[in-house]
Amino acid sequence: MVRIEGESKKEIAYLPPPNEMRICMPYDNSFVEERFELLSLKKINESLSSDERKIKSFTKNEENFYIRLKAFDKMLIHSYEMAKKGKEAMGFMIGDVRRWEKEYTVVYDVITASLETTSFSVRFTREAFEELSDKLDDIEYEYIIAGWYHSHVGYSSFMSDVDISTQKLYFNKPFHAAMVIDPINMEAKLFRLYNETCFEIPYIIFE
Ligand SMILES: [Zn+2]
């Protein structure tokens, strides 16, 4: 198996969190809609059917996950471009865990794999892991994998049973999160597991 554990290469730094540009609360899509508008991502009607079953999630208003705007836009654009081809997108969120009053996660960038995905197959295949792994090797700064993202083409943002299995298997640190983007309905929701239960959590955008 490709390494994914042990990516934490560094000590937790004491640093104040970035200045927030926008806090995106659960159930609030307004920021995502604004970004689609600003990035000129025109409404598309591609919708895929899916076998993903929605798992009940709750909300938790813990504000400790920061995403750089550039990385956020990259996830939206990737999801959108793949949706136009009738495919799902997937990638890793790369960043850091820091402490300032409380522990928080910062996402600087995302890396993507060029998968031959369809709505039924955007999963972590061995090839995808290897490609992502090679890209991780190219990163020059110290980083941690803050989580992963993938898209749901037209069937809304949620965590499915399969997504939760992936989360438990590869992203089981307390700071890990999963971003699920639906480029058709313009949703981008962030999820995290707390004691095996899935919660939608806010994320904070910074520039
Ligand atoms: Zn999914």
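A residue is called buried if 20 or more other C-beta atoms lie within 10 Å of its own, exposed if 12 or fewer do, and partly exposed in between, with C-beta atoms placed from the backbone. Keep that in mind for this tour.

What you have open is a predicted model, in which local features need pLDDT of at least 70 and side-chain atom pairs count only at pLDDT 80 or more, while totals for chains, interfaces and linings use all residues. Residues are numbered from 1 along each chain as its sequence is written.

**Stop 1: the whole protein.** Switch to a cartoon view and look for four helices and eleven strands. Both kinds of element are DSSP runs numbered from the N terminus: helices are H or I with at least four residues, strands are E with at least two. Of the 207 residues, 38% are buried. Among contacts with a separation of 6 or more, 79% link residues 24 or more positions apart; a contact here means C-beta atoms, placed from the backbone, within 7 Å.

**Stop 2: helix α2.** Select residues 69–84, a helix of 16 residues. From first C-alpha to last it reaches 22 Å, close to the expected 22 Å at 1.5 Å a residue, where the expected span is 1.5 Å times one less than the number of residues. Now show side chains: the buried residues of α2 include Phe 72, Met 75, Leu 76, Tyr 80 and Met 82. Just after the helix, click on Gly 86, whose phi is positive at about 75°.

**Stop 3: strands around β6.** Select β6, residues 102–112, and then β4, residues 65–68: the two run parallel and are joined by three bridges. Strands count as paired if DSSP finds at least two bridges between them. Find Phe 65, whose bridge partner in β6 is Thr 105. Met 93 has Val 110 as its bridge partner in β6. One residue lies between the strands of this β5–β6 hairpin, where Glu 101 takes a positive phi near 70°.

Stop 4: Most residues other than glycine have a negative phi. Look for Ser 40 in the loop between α1 (30–38) and β3 (58–59). Ser 40 is exposed, because 6 other C-beta atoms lie within 10 Å.

Finish at Asn 195, in the loop between β9 (187–194) and β10 (197–201). Asn 195 has a positive phi of about 45° without being a glycine. Is Asn 195 buried or exposed? Asn 195 counts as exposed, because it has 5 C-beta neighbours inside 10 Å.

Technical notes
Contact = placed C-beta atoms within 7 Å.
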